[in-house]
Amino acid sequence: MASETDDFAVASKISHVAPLRGLASKVEPGHTALIVIDVQNDFCAEGGMMEQEGFDLGDVQAMAGRLPPLISAARAAGALVVFVRNVYSSEHNFYLSDTWLEQASRARAGSYTRREICAADSWGGDFYGDVRPGPRDPIVTKHRFNAFLNTDLDTILRANGIRTAVFTGVATNVCVETTARDAFMRDYYVVFTADGTATYAREDHEATLRNISRYFGELASVAEVEAVWMANER
């Protein structure tokens, strides 16, 4: 059976661009963006949407506590840090379609219908805890799970010469996975942090990690990515 080394050698011969091999190569700061997805009060804080729907916030809040040092390491090394947030509810309902609201009415226990979710300038839509953009970090606003859909995320990444997207945030199996899949389809390297993402059921988190690893990108821990960036601090 051919080895991984043999396969990479073949891939290198047939690729038009030399493939990046290994975590350190992929997350080299000059061509890497740290994507922080939806670390907002409605998804992470007591009193937010997900707690009101009855979900346990333990894993999500623990994950959010691991992100500030990673974000600081990214900035210090010169990697691009991009914050993604949702705006869903609005005064005249600019964003929620009939299909979205039908799904919500069946499955979301009052979210999006009886309760506003991630409204602009609201507490629920604000960033959670210490996970906050700095003055030089672009903020991408989305209205669907996929952070590339009808946003300027792809333009920001390409304008900054980004080849690799490192994914963090919530929820592992919804907005983070949906965006990571699209990133791979757009020919970005995907590095998916196993402990820098979280959701509300451990089995859902693990299922996404298996799926990403097999089809869409490389798994890494926050500590592994942070170590590469700390070694590259400018």
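This is a predicted model: local features need pLDDT of at least 70, side-chain atom pairs count only at pLDDT 80 or more; totals for chains, interfaces and linings use all residues.
Two residues are said to be in contact when heavy atoms of theirs lie within 4.5 Å. Apart from its neighbours within four places in sequence, Phe 55 is in contact with Met 50 and Tyr 200. Phe 55 and His 16 are 39 residues apart along the chain, and 46 Å separates their C-alpha atoms.

Attention now turns to the sheet. Strands of a sheet pair through backbone hydrogen bonds, in either a parallel or an antiparallel fashion. Here, six strands form an open sheet with parallel pairing, and their order is 3-2-1-4-5-6. Strand 3 (139-142) and strand 6 (218-220) stand at the edges; each has a single partner strand, so one side of each is left without a neighbour in the sheet. From one strand to the next, the twist averages 25°. Within this sheet, strand 4 (residues 164-170) and strand 5 (residues 189-198) run parallel and are joined by six bridges. One of the residues to look for is Thr 164, whose bridge partner in strand 5 is Tyr 189. Helix 9 (residues 202-215) packs on the sheet, where it touches strand 5 and strand 6, and the direction of helix 9 makes about 165° with that of strand 5.

On the helix 8 side, the contact is made by Thr 172, Asn 173, Glu 177, Ala 180, Arg 181 and Phe 184. Helix 9 contributes Asp 204, His 205, Thr 208, Asn 211, Ile 212 and Tyr 215.

A further helix pair is worth a visit. Helix 5 (residues 58-77) and helix 10 (residues 222-231) pack with their axes 8 Å apart, at an angle of about 25°. By the reasoning used above, helix 5 and helix 10 are therefore roughly parallel to each other too. The crossing of helix 5 past helix 10 is left-handed. Residues of helix 5 that take part include Arg 66, Pro 69 and Leu 70, along with Ala 73, Ala 74 and Ala 77. They meet Val 222, Val 225, Glu 226, Trp 229 and Met 230 in helix 10.

Two loop residues complete the tour. Asp 38 lies in the loop between strand 1 (32-37) and helix 3 (41-44). With a relative accessible area of 0%, Asp 38 is buried. Beyond its neighbours within four places in sequence, Asp 38 is in contact with Phe 43, Val 84, Arg 85, Asn 86, Lys 142, Val 170 and Cys 175. Ser 89 is placed in the loop between strand 2 (80-86) and helix 6 (98-107). Its relative accessible area is 6%, and Ser 89 is therefore buried, because the cut-off for burial is under 20%. The side chain of Ser 89 reaches the backbone nitrogen of Ile 117 at 2.8 Å. Setting aside neighbours within four places in sequence, the contacts of Ser 89 are Leu 96, Glu 116, Ile 117, Cys 118, Ala 119 and Ala 120.

How values were computed
Residues are numbered from 1 along each chain as its sequence is written. Side-chain values use heavy atoms; hydrogens and water are left out. Helices (H or I, at least four residues) and strands (E, at least two) are DSSP runs, numbered from the N terminus. Buried means under 20% relative accessible area, exposed over 50%, partly exposed in between (1.4 Å probe, protein chains only). A polar contact is a pair of N or O atoms within 3.5 Å; within protein, one must be able to donate a hydrogen and the other to accept it, and residues adjacent in sequence count only if both atoms are side-chain atoms. Two strands pair if DSSP finds at least two bridges between them. Axes are lines fitted to C-alpha atoms, for helices over the stretch in contact, and angles run from 0 to 180 degrees between N-to-C directions. Angles under 35 degrees count as roughly parallel, over 145 as roughly antiparallel, 65 to 115 as roughly perpendicular and the rest as oblique. A crossing is left-handed if the near helix is turned anticlockwise from the far one by less than a right angle, and right-handed if clockwise.
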